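I opened my notebook and started looking things up. These are my entries, in the order I made them.

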Amino acid sequence: MAFDVEKIRQDFPILHQTINNHPLVYLDNAATTQKPIQVIEAVAGFYKKKNANIHRGVHYLSNLSTDLYEQARRSVQHFINARHDYEIIFTRGTTESINLVAFTFAEAFISQGDEIIITEMDHHANIVPWQQIALSKGAKLKIVPITDDYQLDFDTYTRLFTEKTKIVALPHISNSLGTINPIKKFIDFAHKHDVPVLIDAAQSVQHEKIDVQDLDCEFLAFSGHKIYAETGIGVLYGKEEWLDKLPPYQFGGDMIENVTFEKTTFQKLPLKFEAGTTNYVGAISLKAAIDYLTGIGLEEIEKYEKSLLNYAIDQISQIDGITVYATREDNKTSVLSFNIHGAHNYDVGMILDQMGIAVRTGKHCTHPLMQRLKIPGTVRASFALYNTTDEIDRFIKAVKKAKQMLI
Ligand code: PMP
């Protein structure tokens, strides 16, 4: 089926409005995506006719709700090609998924003097949990640097390993630069040292097909809200053998098997990691979003979004006095990070907003990366499957105007 962006746009009610007297151009998709009517209706329909708490009831609605929740789990399993549905843990989002792994992994496997490898282009969500672990355990963070063309430096990575290396955690796609990291190569190398790998896929599952069996990563995390589903739902994928080895993260509710005041036993996977009442409606919204994306086809989406990005890079490169970060087009996707020389990113963002264009400005939760680039931040336009070249034209026009006003 040909990719029909106008038809897709009809599915997103929020796009059809004016902001500051201009038609909305929403280019803040790396922060969160808008929701198609199919997701909105799945949630509304659930609350109108199907809602009850999962896993605890004998009654009809509770069973229905539980079935839909477990269907959502299988839908995620197939979406990322996990071997088993119980390798899919529902969390609040990428941040919680990474915290879950960091704190339980540390409890089981990290002691004084051990080493954890992360990267210079990580989001704070994949820096700070490991940094806190390092502080409390007396472990050491080792950082993969980036090269001057905004790639992870693989050679240095290979030299960071010692017999003390316990885990590697790295982003698939950088939220600030759009760089697609060759994670399979990184995972394969870590495995040569018997070191497990966590992939932060917050910026990748919505843009390209992920196959966790092919990647062979031990853990992978992503957020529902960046993939057209609700906020407050996310996924932690973990290989069964690794999830089995980790202790529970939180205690209470659904993760309990039996309690006495002397001793508590816990559920097996996946409930072992799903304490309390989970965001089961969020999970149902995630299934609706996955159905929506797979209905269009991830490959089609990837191709279309890359063409949008290349178009935007071509256009912006024709304006003098602009630095675009991560200009190698072959391995980057959906993020255009730039600065107008002599203008602060915040001022550019404000002017764009006046013209109805939503972009993000600042450090994008990647302070160490901005320190490495020696900049206070960037203006970030990030694309989704509903953006058009016409919108990019309007964005470029607004950037020219901002430059005129500020310089
Ligand atoms: N990692 C990356 C690469 C991200 O872009 C984000 C969100 N900006 C996160 C982690 C955190 O995601 P969330 O806030 O949904 O937990």
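**Entry: Gln77.** I began with Gln77, which lies in helix α3, residues 60-80. The model is a predicted one, and I kept that in mind throughout. Is Gln77 buried or exposed? I looked up its relative accessible area and found 10%. Buried means under 20%, so Gln77 counts as buried. Next I asked which residues Gln77 is in contact with, leaving aside its neighbours within four places in sequence. The list reads Ala82, Arg83, His84, Asp85 and Ile88.

**Entry: the sheet.** I then traced an open sheet of seven strands. Its order is β4-β10-β9-β8-β7-β5-β6, and the pairing is mixed. Which strands are at the edges? They are β4 (88-91) and β6 (140-144), and each pairs on one side only.

**Entry: strand β9.** I wanted to see how β9 is held on each side. A reminder to myself: strands of a sheet pair through backbone hydrogen bonds, either parallel or antiparallel. Strand β8 (residues 197-200) and strand β9 (residues 219-223) run parallel, joined by three bridges. Here Leu198 stands opposite Phe219 in β9. With strand β10 (residues 234-238), β9 pairs in the antiparallel sense, over five bridges. On that side Ser223 stands opposite Gly234 in β10.

Which way do the residues of β9 point? Phe219, Ala221 and Ser223 point one way, while Leu220 and Phe222 point the other way. All of them are buried. Why do I call β9 largely enclosed by the rest of the structure? Because five of the five residues of β9 are buried.

**Entry: Leu220 and the cores.** I stayed with Leu220 for its contacts. Leaving aside neighbours within four places in sequence, Leu220 is in contact with Ile199, Ala201, Ile210, Val212, Leu215, Val235, Leu236 and Tyr237. Then I looked up the largest nonpolar core, which has 75 residues. Which members touch the most other members? They are Ile80, Tyr157, Leu220 and Leu385. Helix α10 (residues 280-296) gives the largest share of this core, 11 residues. The core draws at least three residues from each of domain 1 and domain 2.

Entry: The domain assignment gives domain 1 as 5-30 + 297-406 and domain 2 as 41-294. How far apart do their C-alpha centres lie? I noted 28 Å. I looked up the contacts next: 36 residues of domain 1 are in contact with 32 residues of domain 2. Between them, the domains bury about 2,800 Å². Carbon and sulfur atoms carry 56% of that area.

Notes. Residues numbered from 1 in each chain as written. Predicted model: local features only at pLDDT ≥ 70, side-chain atom pairs only at ≥ 80, totals over all residues. Heavy atoms only, no water. Pairing = 2+ DSSP bridges. Helix = DSSP H or I, 4+ residues; strand = E, 2+ residues; numbered from the N terminus. Core = buried A, V, L, I, M, F, W, Y, C linked by side-chain atoms within 4.5 Å. Buried < 20%, exposed > 50% of the residue type's maximum accessible area, 1.4 Å probe, protein only. Domains from an automatic or database assignment. Contact = heavy atoms within 4.5 Å. Buried area = accessible area lost by both parts, 1.4 Å probe.
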